Amino acid sequence: MAVQDIMPTWVGATAKQIARGVRRGDVSATQVLADHLDHVAKADADLAAFRTVRGGEAVTEAEKVDEQEDLGNLPLAGVPVAVKENTPVAGVPTWNGSAAVRTPVAEADHEVVRRLRGAGAVILGVTRMPELGLWGVTDDGTAVTRNPWDLGRTPGGSSGGAAAAVAAGLVPIAHGNDGLGSIRIPAACCGLVGLKPGRGVVPCQLGAEDWFGLTEHGMLATTVADAAVGFQVLAGRAQEKLVPPQRLRVGVSLRSPVRGVSPDAPNRDAVAVAGRLLAAAGHDAVPADPVYPTALGLQGIATWFAAAAADVRAAGIDRRDLQPRSRRHVTFGDWAWRRGYVREADRAAWRERSIGFFADHSVDLLLTPALASAPPPAASWSARSWRANMLVNIRYAPYAAPWNIAGLPALVVPVGRRPDGLPLAVQLIGPPGSELLLLGVAGQFEMAAPWPRHAPGYPRVGTGSPASA
């Protein structure tokens, strides 16, 4: 029986399943796209995941994929993909989270978009983010983006629209970027796999100065295999294979980078479950706490401020047009820069110390909570005070930022659920060059304790059972 005979729609299939179906002629790229566009039209009114859906343009792109004679070397052949709205897509304005910071229609694709298209992906649309990508909650003056697991909760940020789209099956995978946790936080909120590659692995070229080297591009996915192929395409490493790792020694830490903030009971339990999964896979899980200097938090916050200010200056934005929370953030950024609180030497020192952690503790990887508490409410945070936004972000998601400052690869993987039904996750961090190792361990988690690929009730269409990818 052919796959199309049991597939009333390709919505809900993985990226690898779709690409395989398109390559072998089970389905056309145009049909896959039509299925997903129909699902977006039905479901996104509740979620507000997309800023722009490229209906006609995407159909033309899908037709071009179908016209190609040789699809064998396209790992994402016909796969609908979403791109975060701060990353240029030819023919679309680059919104950057609000009309105040929107730039004109892009004349050319960003390099990561070019690589996605080169792998056969079809760009379905661009996903929402908070203004300037500054916050771990996603909303703006026009819409509040909602978590498919609970419409009353945020999907996280700043790649919140991307995470909501994937968790609801609007697209099988989505592009995001991560300056202080903006892939991993939404992945944790929405029960997805989210990888932040290490520094320099994927071309960044984002904003004024790539947030002083903190920002990386990556993908959000429902499976480790999809996360791996997305990473390999963005990194230009499509020929590398993902293999189960041999016995590892993994450090385990609950210590919070932020004094006075600690993980709640469900997040502590998630780390305990992950430790048992590591042991079951033949690895050794041992206590190993990084030492987060007090100065690290101050340096990170100062860089967060200054990055926003640098982006505003470079884009020639009138800061009076910004949301009040962003305007104050930028003002503090100017002050931090003038006072000399943003120093490459400080970031380099933390990077060296972080790399040394693995040798000092004789561990291959580090396991931490992904979040400290449940995702905050989905609300108009853009209309609330800067202080309210700062407090909610720092209190619920303190674990991601140190690894951007260090430039180390880090990954979030789902592990069970909270008592209220929302997904739980943990974070794995590795030394430079360990992206495939992190994915390999996440794959062992997935094999031993599979997670729901989509939020309950999504996709809101009847799905069949595609052949295994």
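Trainee: In which sense do strand 9 and strand 11 pair, parallel or antiparallel?

Mentor: Bear in mind this is a predicted model, where local features need pLDDT of at least 70, side-chain atom pairs count only at pLDDT 80 or more, and totals for chains, interfaces and linings use all residues. Residues are numbered from 1 along each chain as its sequence is written, and side-chain values use heavy atoms, with hydrogens and water left out. Strands are DSSP runs of E, at least two residues long, and helices are runs of H or I, at least four, both numbered from the N terminus; two strands pair if DSSP finds at least two bridges between them. Strand 9 and strand 11 have three bridges, and their sense is parallel.

Trainee: And which residue of strand 13 is the bridge partner of Pro369?

Mentor: Strand 11 (residues 365-369) also pairs with strand 13 (residues 423-429), this time antiparallel, over four bridges. On the strand 13 side, the partner of Pro369 is Val426.

Trainee: How many of the five residues of strand 11 are buried?

Mentor: Buried is under 20% relative accessible area, exposed is over 50%, and partly exposed lies in between, using a 1.4 Å probe and protein chains only. Strand 11 is mostly covered, and its buried count is five of five.

Trainee: Which backbone oxygen lies 2.9 Å from a polar side-chain atom of Ser256?

Mentor: Ser256 is in the loop between strand 9 (249-252) and helix 10 (265-280), and its relative accessible area of 15% makes it buried. Leaving out residues up to four places away in sequence, its contacts (heavy atoms within 4.5 Å) are Val261, Ser262, Tyr292, Pro398 and Tyr399. The oxygen in question belongs to Val261.

Trainee: What sort of ring pair do Tyr292 and Trp403 make?

Mentor: The structure holds 11 aromatic pairs, meaning rings of Phe, Tyr and Trp (its six-membered ring) with centres within 6.5 Å; planes under 30 degrees apart are stacked, over 60 edge-to-face, and the rest tilted. For Tyr292 and Trp403 the centres are 6.2 Å apart and the planes at 65°, so the pair is edge-to-face.

Trainee: How many residues apart in sequence are the parts that this pair ties together?

Mentor: Both Tyr292 and Trp403 are buried. Tyr292 is in the loop between strand 10 (284-287) and helix 11, while Trp403 is in helix 15 (residues 401-406), so the separation in sequence is 111 residues.

Trainee: Are the rings of Trp350 and Trp403 stacked or tilted?

Mentor: Trp350 in helix 13 (residues 344-360) and Trp403 in helix 15 are 53 residues apart. Trp350 is buried at 5% relative accessibility, and Trp403 at 2%. With centres 6.0 Å apart and planes at 40°, the pair is tilted.

Trainee: How far apart are the end C-alpha atoms of helix 12?

Mentor: The expected span is 1.5 Å times one less than the number of residues. Helix 12 (residues 324-338) has 15 residues, so it should span 21 Å, and the model agrees: the ends are apart by 21 Å.

Trainee: Which helices do the buried residues of helix 12 pack against?

Mentor: Those buried residues include Arg325, His329, Val330 and Ala336. Their packing partners are helix 11 (294-315) and helix 14 (386-396).

Key
A polar contact is a pair of N or O atoms within 3.5 Å; within protein, one must be able to donate a hydrogen and the other to accept it, and residues adjacent in sequence count only if both atoms are side-chain atoms.
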